[in-house]
Amino acid sequence: MSRIAYVNGQYLPHRDASVHIEDRGYQFADGVYEVVTIVGSRMIDEEGHLDRLWRSLGELRIDAPMKREPLKMVMREVIRQNGIRDGIIYLQVTRGVAPRDHPFPDDIPTSLVMTAKRLSMEKAAKKAQEGVSVITVPDIRWTRRDIKSVSLLPNVLAKQEAKENGAYEAFQVDEDGMVTEGSSTNAWIVSKEGKIVTRPTSNSILAGITRASLIRELEKNGIELELRSFSVEELLSAREVFITSSTSYVLPVVKVDDQVIGNGHPGLISLKLRKIYEKFMSADA
Ligand code: PLP
């Protein structure tokens with residue numbers, strides 16, 4: 001089945017899909033995005049992602065490209081036309097196309113692009129069984145990390161540094177030596193004392209939808225959580241480390257920089273939380 005992209009009202013072959021050179025997303029990174037997991041052809045946490053999309057748009061004063069219900073219909077159609085069972089849908093909204101000038105242009109339509117792709121659940125499960133490694137890098141981003149903006153250059157540089165060091169992810173570290181989050185994931189530890197810890201939401205991190213759903217599942221299961229920042233020092237001496245995101249779900253980390261975490265295998269709590277999250281996904285799908 002050939003890939004289909006949605007571009008401003010049209011469903012086009014992926015290879016022919018394009019936007020204008022003066023789209024403000026291309027010239028100024030003046031736009032926002034969402035990535036939604038698809039399991040069994042259904043979206044996981046659809047409402048949470050749409051809430052966050054509307055919030056990001058509101059913070060940047062970008063008009064919504066359409067009302068929420070029609071947008072959901074387009075998302076479903078993109079999934080259907082691409083024949084996706086398990087994978088992701090990517091949705092990008094920019095302020096639109098206008099002659100290049102920094103201030104907001106008057107009365108131009110918002111641009112909306114969607115693509116979808118398959119992901120292998122088997123490969124993801126294998127990665128979770130083995131665990132991944134992470135490096136730490138300085139957090140050089142702007143102070144509105146709560147907005148899911150397409151301005152991702154620091155994240156791109158962080159992920160490239162991870163790749164060049166044979167790691168899966170880079171944890172970004174603020175000026176106080178505290179971990180903010182991964183380049184495209186939220187960061188969690190199980191502390192030396194056995195407590196599950198993740199950073200509270202603020203302008204310093206993206207409020208991950210996977211993070212929020214896992215927190216809800218922890219509450220439902222009566223599992224204690226400490227919402228607080230943790231330092232690199234605490235990270236390196238943690239019993240367990242894991243990350244969450246729409247594409248990683250709950251993924252154990254077995255090495256940070258040169259430090260092996262625990263016995264170098266995925267921790268029992270991380271694996272249990274992945275199971276809990278998988279159960280949530282099958283119920284939501
Ligand atoms: N933090 C950052 C910087 C991200 O880019 C992402 C996802 O892309 C996340 C966290 C995880 O968010 P979610 O669980 O909504 O995928």
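**Briefing: the ligand and its surroundings**

By class, three nonpolar, eleven polar and four charged residues make up the shell around the ligand (Ala, Val, Leu, Ile, Met, Phe, Trp, Tyr, Cys and Pro count as nonpolar, Asp, Glu, Lys and Arg as charged, and the others, Gly among them, as polar). This is a predicted model, in which local features need pLDDT of at least 70, side-chain atom pairs count only at pLDDT 80 or more, and totals for chains, interfaces and linings use all residues. Residues are numbered from 1 along each chain as its sequence is written, and side-chain values use heavy atoms, with hydrogens and water left out.

**Around the ligand**

- Of the 18 residues around the ligand, the nearest are K148, E181, I209, T210 and S246 (a residue is near if one of its heavy atoms lies within 4 Å of the molecule).
- Here are some polar contacts (pairs of N or O atoms within 3.5 Å): a polar side-chain atom of S246 lies 2.8 Å from a ligand oxygen, and a backbone N or O atom of I209 is also 2.8 Å from an oxygen atom of the ligand.
- The protein covers 94% of the 390 Å² of accessible area that the ligand has on its own (Shrake-Rupley method, 1.4 Å probe).
- Strand 9 (179-182), helix 6 (209-220) and strand 13 (240-245) are the elements that give two or more residues to the shell (helices, H or I, of at least four residues and strands, E, of at least two are DSSP runs, numbered from the N terminus).

**Salt bridges**

- The structure holds 24 salt bridges (a side-chain nitrogen of Lys or Arg within 4 Å of a carboxyl oxygen of Asp or Glu).
- One of them pairs D45 with R216, whose closest N and O atoms are 3.8 Å apart.
- D45 lies in the loop between strand 4 (42-43) and helix 2 (46-60) and R216 in helix 6, so the pair ties together parts that are 171 residues apart in sequence.

**The ends of helix 4**

- At the start of helix 4 (residues 121-130), a side-chain oxygen of S120 comes within 3.3 Å of the backbone nitrogen of E122.
- Just after helix 4, G131 has a positive phi of about 85°.

Terms used: A polar contact is a pair of N or O atoms within 3.5 Å; within protein, one must be able to donate a hydrogen and the other to accept it, and residues adjacent in sequence count only if both atoms are side-chain atoms.
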